[in-house]
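Work through the exercises below with the sequence and the structure at hand. Each task is followed by a solution in steps.

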Amino acid sequence: MLEMLIAGFTAVLTFKIILLIVLGVILGLIFGSIPGLTATMAIAICLPITYGMEPAAGMSLLMGLYIGGVSGGLIPAILLKLPGTPSSIATTFDGYPMAQKGLAGKAFSYAILASFFGGLLSIIVLILISPPLGNLAVQFGPFEYFAIVIFSLTLIASLSGDSISKGIMAGLLGIGFAMVGSAPIDAFPRFTFGFSSLDAGFNLLPVLIGLFAISEILLTAEQKMKTKLKADYSNSGYRLTIKELAGQGWNFLRSSLIGLGIGILPGIGGGTSNLVAYAAAKNQSKNPEKFGTGIPDGVVASESSNNAAIGGALVPLVSLGIPGDTVTAMLLGGLVLHGLQPGPMLIQTHGDIVYGIFAALLIANVFMLAFLYLGMRGFIKLLSIPQHILLPIIITLCVVGAYGVNNRLFDVGALLFFGVIGYLMMKFNFPLTPLVLGFILGPLLETNLRRGLMLSQGDFTPFLTEPIAAAFLLLTFFSLFFKFWKNRKNRKDLNVTDHNNVTS
Amino acid sequence: MLQRYSDIYSGIFLLLLGIGMYLTTFSFKELTSSKIGPAFMPQIISIFICIVSVFIIVNGFKRLKFLNESKEEQVEKPAYFPVVLSLVLMIGYLILMPSLGFLMTTTLYLFFQMYLLANKSTRKIPVLIIISIVSSVVIYYIFHSLFYVMLPSGILG
């Protein structure tokens, strides 16, 4: 494994790729730090650029974007009480009060170091566990794969958003959209309604960019631009003593492990991990009442867990080809665009690229640390760029990106179409992530089902009798049942409290 | 008003979509002799869409009852006009691009979209014009010359 990693480093340590990682980290930090722009959007916009690159170079850029995008969110979280990304929500709880006390510099130091070490720990775990996991999964046939896809789809659908039925519906719609075009195996054109442009189906890129970038812009058009954001920034210095750092050791480790675990489970990821880690830190603290008043523990918990979720979310992606959250769904799209078949075979057939990805992550993590320290002033300035200028430029970039896929305007039309769909779904409170995952995993589901049935000559029983497949289907059933039960309980509690509020 | 009935409306729409999808699958032909053909999966998915949409409608009615009991009016009313206008701008951008070319349509689109999104106080027209021209030229140059994306050049080309 060590020689593979060294080979990965030698593949990535070229001037061009290092430059791409640097570019990715900087762009990611910019997107992460401006509220309203996310890591997902950064990757969506950059995917078309990577199109013409060799896979290792393209994936390195995307890894830089991922690390930068998740980390950048801490800047507005601490200065403006606005989480730049969902991953930094809990950072506002104590980061902003710290900044109010004039301790912004210290809060940054804690947050940056926590991000760095959380990320590092999770990348090391990723490197250690995904190859053996991939080896195990290589023996999976269509029956097992079908069951795993079902499992991750339902898990993701039920975990995103408050309503299970809406999450599942979004997943179903995604599978439906993926069916437009030629069917797998026999290539019969479905749902094309006679348009030959639809024969190849919707391209993944316009779908992703439309859903996540265009829809966001339509949503902001609704509420007119708010007044300019103003960052008050009185610096008390960045320096932390060894004692201060050592005091965070256990908190850091616990939060990172929480982030890692949540990242590995498909469907949750960074947006949830920081809140869970913050709650855990508060519960275990000797003085929980100080949380929320500006103590470093809160910042460390949130920022170490969200970066630790990066390595976690990449574990199922690399070893099984199953994305854990929206960003990894984008990365999966990136792999597909480069002609790499995601799945357990990825490490076997393209080990060089996988280890290149690992190396790129480690390098990007170091750059993230350096740029956040050195460029803090610059990133703070970025916060004052008005959104009414930024958003239209982003739309233009999206249009160019969609156009560049096949050099045809049809894909730009698809981009707008999915932008409207994404906007409507957000207005009607449907989560978007399950749709993306359904779109990506749907064809996989159908291919494996049909392949499995060919193998068994039309017999459905192997899906239930093959032990691993059966275990995953059982898990699916239990996770859905558990979620239903929990929701019912929650709703009862909610109704009672709501009722009290109304009567009091 | 819309907020209140949103689940019911979206549920009904999705139910119709599911039924339509199911009916479309009857035109699919079997090209192989395997047990399940290209129509199998779409049928399963459309049936699931119908079932789940019924759940959404039922939950919508439950929520409606609950909202009526609590008598809380939602005061927030988003402005849909700029959304529709933005969409019209984007569609116009798309339609005019082949004939007018990327540079000209992008400059026009950027200017109008920025004008639309800006507050009255931040709406400085000369600044917006300069930003629109500069950014479309920069984007065109980067993608045309560095990434070899053949953007429509239109009447300027």
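Helices (H or I, at least four residues) and strands (E, at least two) are DSSP runs, numbered from the N terminus. Residues are numbered from 1 along each chain as its sequence is written, and chains are lettered from A and ligands numbered from 1 in the order in which they are written. This is a predicted model, in which local features need pLDDT of at least 70 and side-chain atom pairs count only at pLDDT 80 or more, while totals for chains, interfaces and linings use all residues.

**Exercise 1.** Describe how helix H3 (residues 39-50) and helix H4 (residues 55-72) of chain A pack.

Solution. Axes are lines fitted to C-alpha atoms, for helices over the stretch in contact, and angles run from 0 to 180 degrees between N-to-C directions. The axes of H3(A) and H4(A) are 9 Å apart, at an angle of about 165°. Angles under 35 degrees count as roughly parallel, over 145 as roughly antiparallel, 65 to 115 as roughly perpendicular and the rest as oblique. H3(A) and H4(A) are therefore roughly antiparallel. Residues in the contact (C-beta atoms, placed from the backbone, within 7 Å) include A:Ala42 and A:Cys46 of H3(A) and A:Leu62 and A:Tyr66 of H4(A).

**Exercise 2.** Characterise the side of chain B that touches chain A.

Solution. Begin with the count: 54 residues of chain B are in contact with 48 residues of chain A. The largest share of this side of chain B, 11 residues, comes from H2(B). For the classes, Ala, Val, Leu, Ile, Met, Phe, Trp, Tyr, Cys and Pro count as nonpolar, Asp, Glu, Lys and Arg as charged, and the others, Gly among them, as polar. The side of chain B that touches chain A has 37 nonpolar, 15 polar and two charged residues.

**Exercise 3.** Which residues of H18(A) and H4(B) meet?

Solution. The axes of helix H18 (residues 387-406) of chain A and H4(B) come within 9 Å and cross at roughly 145°. Among the residues that meet are A:His388 and A:Leu391 of H18(A), and B:Leu110 and B:Met114 of H4(B). This contact has eight nonpolar, four polar and no charged residues.

Definitions and conventions:
Contact = placed C-beta atoms within 7 Å.
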